[in-house]
Amino acid sequence: MPPQLPVPYSQNPLAQPQQTDNSSKQSNQNLVVFLRGVTWIRDSHGLFDYESKSITKKSCKTIVESKIVRLENEIELVPQNRNVSELGANAQDLLQIRKEQTGYYLDHAEKADMLEEDSVDRLWLVVRSLKSPEGKEDYLIKKFDVIKLGRVKFRIKDFQCEKMGQTPEELYQQELKEAKPVITLEDNQTGDESQKGSCRFCWGSDSTPENPCIVPCRCAGTVGFIHFECLKNWLNTKMNKKESEHLVSMYWKTFECEICKQAYPYLFKVGRKVYKLIDIQQPKNSGYFMVMESLPLEKNTSRTIHILGFSSQKEQFNMGRGHDSEVRVNDISVSRCHAIIKYKPEGFYIEDNKSKFGTLVLLKESYPLNLEYTSAVQVGRTVVSFTVRNTSVDKQYQQNGLVADNPLHNVQKFGGNIPQQLFQVQKMGSSSNVGNLRQERYHQREEEEDMDIDS
Ligand SMILES: [Zn+2]
Ligand SMILES: [Zn+2]
């Protein structure tokens, strides 16, 4: 049976407000969220080890708005209005379950707004957890998604596929939003010609819409000006490029101003015109492509951009630490063959290849819990899986709203198979090199057992 095409959550009809008649409203009352929290005992870079047995597990269910809190090594489901600090000094607010007319949603914990945009303590969707009523699903990648393999983050910069979900206008608006606003020589009208400034590369003081003279960094005063084209050419000379039939990789040791050391943005804008500092060169023989940036682990301005070229002869790429991985990710937290990126006419999908530390996608918006779908989120070293079931609610829930852990009860009543599959080794998918992968997996496991990512 061919794999079922996943429905992106934003387009999933189950997530949309559509229930208007009374009968469906009635059934909405019977929706129960079943969840299972698993926490890794170790605390290492906010990772969760999907192969470790040093974990705690706890299952709960709820029909009301709730918070999920981690107390030491176990999760606790508490009512939304409960003050987390009452639970103890070590209580950590992980996420919240909100309930709306249209169903249940997951959201970041309230204080997560204070964290960095891609902090490990935000909500990350666990790619291997996605399951529709028809079976396992891959994740459909969206532009500007942040994807994490182990502790290595990637950002999707751009892509082109057969059926783009967005119109050119929508794409432009998205770029406009991402682009950094800069000032130009025209903005610097002092009246005094000697103070006006000029390009610090070519000394020219012209500025046109095609080649504006801008301040792209923190440098103040007239020293900050540089032509768009002069900057682009200079960055081009600093670039190292590796090119193969299907893949172009570009690397900069630093992508920053040499004076103030601020990283340059790829995209900037003057008014409503967007400029790109890097020209994307599509790999040979490819019809469609995806551009991904590998974000540096340390706080530096090194930049790596991979351009993956897809065609009918090349429909998927392996990512991992192994020498035979097409997109190599050289970090101990990344498995040898960690994830697979697949092309389909409607977009690019990512599949986790039973990796040790998982493949995650940063959730930037509320995440709907669709009826009979299973999905899991990771917050630091805790993974929580969710399944929404339509079931008649017994009196106990109605009285308490929340029901504490009772695994046996769950198993009997709900078949017990809810998110457990996350933590079991399953049969590999139908990728072409399954045999090799399986063999490699075996060796890899032996090797990674003793791996210490902190050392
Ligand atoms: Zn210049
Ligand atoms: Zn500067």
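This is a predicted model: local features need pLDDT of at least 70, side-chain atom pairs count only at pLDDT 80 or more; totals for chains, interfaces and linings use all residues.

Biologist: How many helices and strands does the protein have?

Modeller: The protein contains six helices and 31 strands. Of its 455 residues, 35% count as buried. Among contacts with a separation of 6 or more, 63% are between residues 24 or more positions apart.

Biologist: How should I read a strand, and which way do the side chains of strand S29 point?

Modeller: In a regular strand the side chains alternate between the two faces of the sheet. Strand S29 covers residues 374-379. Thr374, Ala376 and Gln378 point one way, whereas Ser375, Val377 and Val379 point the other way. All of these residues are buried. Since six of the six residues of S29 are buried, this strand is largely enclosed by the rest of the structure.

Biologist: Which strands pair with S29?

Modeller: One partner is S7, which pairs with S29 in the antiparallel sense over two bridges. Within that pairing, Trp124 has Gln378 as its bridge partner. Another partner is strand S30, residues 382-390, which runs antiparallel to S29 and is joined to it by six bridges. There, Val377 stands opposite Val384. S29 and S30 form a hairpin with two residues between the strands, and Gly380 in this hairpin takes a positive phi near 55°.

Biologist: A loop residue may also deserve attention. Where is Leu123 found, and is Leu123 buried or exposed?

Modeller: Leu123 is found in the loop between strand S6 (103-108) and strand S7 (124-126). To judge burial, one counts the other C-beta atoms within 10 Å of the residue's own, and 20 or more make the residue buried. Leu123 has 24 such atoms, and therefore counts as buried.

Biologist: Which residues does Leu123 touch, leaving aside those up to four places away in sequence?

Modeller: Leu123 touches Leu95, Leu106, His108, Leu363, Val377 and Val379.

Biologist: Let us turn to another strand. Why is strand S3 described as largely enclosed?

Modeller: Strand S3 comprises residues 66-71, and five of its six residues are buried, so the strand is largely enclosed by the rest of the structure. S3 is joined by six bridges to strand S4 (residues 74-79), and the two run antiparallel. In this pairing, Ile68 stands opposite Leu77. Five bridges join S3 to strand S5 (residues 92-100), again antiparallel, with Ser66 opposite Ile97.

Biologist: What is the phi of Glu72, and is Glu72 buried or exposed?

Modeller: Glu72 has a positive phi of about 55°, although it is not a glycine. Glu72 lies in the loop between S3 and S4, a hairpin with two residues between the strands. For exposure, the cut-off is 12 or fewer C-beta neighbours. Glu72 has 12 inside 10 Å, and so counts as exposed.

Biologist: How does Lys354 compare?

Modeller: Lys354 likewise is not a glycine, and has a positive phi of about 50°. The loop that holds Lys354 runs between strand S26 (347-352) and S27. Lys354 is buried, because 25 other C-beta atoms lie within 10 Å.

Biologist: Which strands pair with S11?

Modeller: Strand S11 (residues 146-149) pairs with strand S12 (residues 152-160) in the antiparallel sense over four bridges. Ile147 has Phe154 in S12 as its bridge partner. S11 also pairs with strand S27 (residues 359-362), antiparallel over three bridges, and there Leu149 has Thr359 as its bridge partner. S11 and S12 form a hairpin, in whose turn Gly150 has a positive phi of about 55°.

Technical notes: Residues are numbered from 1 along each chain as its sequence is written. Chains are lettered from A and ligands numbered from 1 in the order in which they are written. Two strands pair if DSSP finds at least two bridges between them. Two residues are in contact if their C-beta atoms, placed from the backbone, lie within 7 Å.
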